[in-house]
Amino acid sequence: MWEQQVLFKNMKSIKDDWVEGSLKRLKGEDNSNWVLGREAYEVLGKIVNTEEGREAYAKVLNEVIKGVMHSMMAMFDGADALTDEFSIDVINSETGESLLSYSALHEEFIDYIIDAEEEEEK
C-alpha cells in the first residue's frame, strides 16, 4: 500500500532529523532557542567528545527512536494494552481508507526501516 510507504518514509525522515539535530546539539553546533535539555547536552558533550563516541551515541539514539516508533505502530495495530481501553486507526483522509487494513504497521515499518538503512549503507 503506497500510503504506508509514504508514512514510513516520513517517519524515517523525522527520526533522521532528530538524530542529526541531537548530534549537532551534542557538538555545540546548534544555536537554536531549544531550551529543554540544554544543560544535559552540555554535560553529555563533555563526556562524549570523540567522533567514535558521537557515532555510538547516534546509533543508540537511532535505535531508541526506531523502538519508540515501532511501539507506536504496534499501538495503532492493536498489539498493546491500549486495546483494553479503545482502538485507534490511521486513516487516509482523502480516501477514508485505513492503513491498518492491509498489514500490521509495526511489522511493515521495521521491514521498511531495515531496508532503507541497508540501502543508505551501500
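The side chain of N92 reaches the backbone nitrogen of T95 at 3.3 Å, which falls under the polar-contact rule (a pair of N or O atoms within 3.5 Å; within protein, one must be able to donate a hydrogen and the other to accept it, and residues adjacent in sequence count only if both atoms are side-chain atoms). The model is a predicted one, with local features needing pLDDT of at least 70 and side-chain atom pairs counting only at pLDDT 80 or more, while totals for chains, interfaces and linings use all residues. Numbering starts from 1 along each chain as its sequence is written, and side-chain values use heavy atoms, with hydrogens and water left out.

Back to N92: it sits in the loop between helix 3 and helix 4 (105-121), where helices are DSSP runs (H or I, at least four residues) numbered from the N terminus. At a relative accessible area of 12%, N92 is buried (under 20% is buried, over 50% exposed and in between partly exposed, with a 1.4 Å probe and protein chains only). Residues up to four places away in sequence aside, N92 touches W2, E3, E97 and L99, a contact being heavy atoms within 4.5 Å.

Next comes helix packing. Helix 1 (residues 2-27) packs against helix 3 (residues 51-77) at an angle of about 145°, and their axes are 10 Å apart. The axes here are lines fitted to C-alpha atoms over the stretch in contact, and angles run from 0 to 180 degrees between N-to-C directions. This crossing of helix 1 and helix 3 is right-handed (a crossing is left-handed if the near helix is turned anticlockwise from the far one by less than a right angle, and right-handed if clockwise). On the helix 1 side, the contact includes L7, F8, M11, I14 and W18; on the helix 3 side, Y57, L61, I65, M69 and M73 are among the residues involved. Sorted by class, the contact has 14 nonpolar, 2 polar and 5 charged residues. In this scheme Ala, Val, Leu, Ile, Met, Phe, Trp, Tyr, Cys and Pro are nonpolar, Asp, Glu, Lys and Arg are charged, and the others, Gly among them, are polar.

Rings of Phe, Tyr and Trp (its six-membered ring) pair if their centres lie within 6.5 Å; planes under 30 degrees apart are stacked, over 60 edge-to-face and the rest tilted. With ring centres 5.6 Å apart and planes at 65°, F8 and F109 are edge-to-face. Because F8 lies in helix 1 and F109 in helix 4, this pair ties together parts that are 101 residues apart in sequence. F8 is buried at a relative accessible area of 0%, and F109 is buried with a value of 0%. The pair of F8 and Y112 is tilted, at 6.0 Å centre to centre and 45° between the planes. Here Y112 belongs to helix 4 and F8 to helix 1, so the pair ties together parts 104 residues apart in sequence.

R25, in helix 1, is buried with a relative accessible area of 19%. Leaving aside neighbours within four places in sequence, R25 is in contact with D30, S32, W34 and Y41. V64 of helix 3 is partly exposed, at 48% relative accessible area.

Technical notes:
Helices (H or I, at least four residues) and strands (E, at least two) are DSSP runs, numbered from the N terminus.
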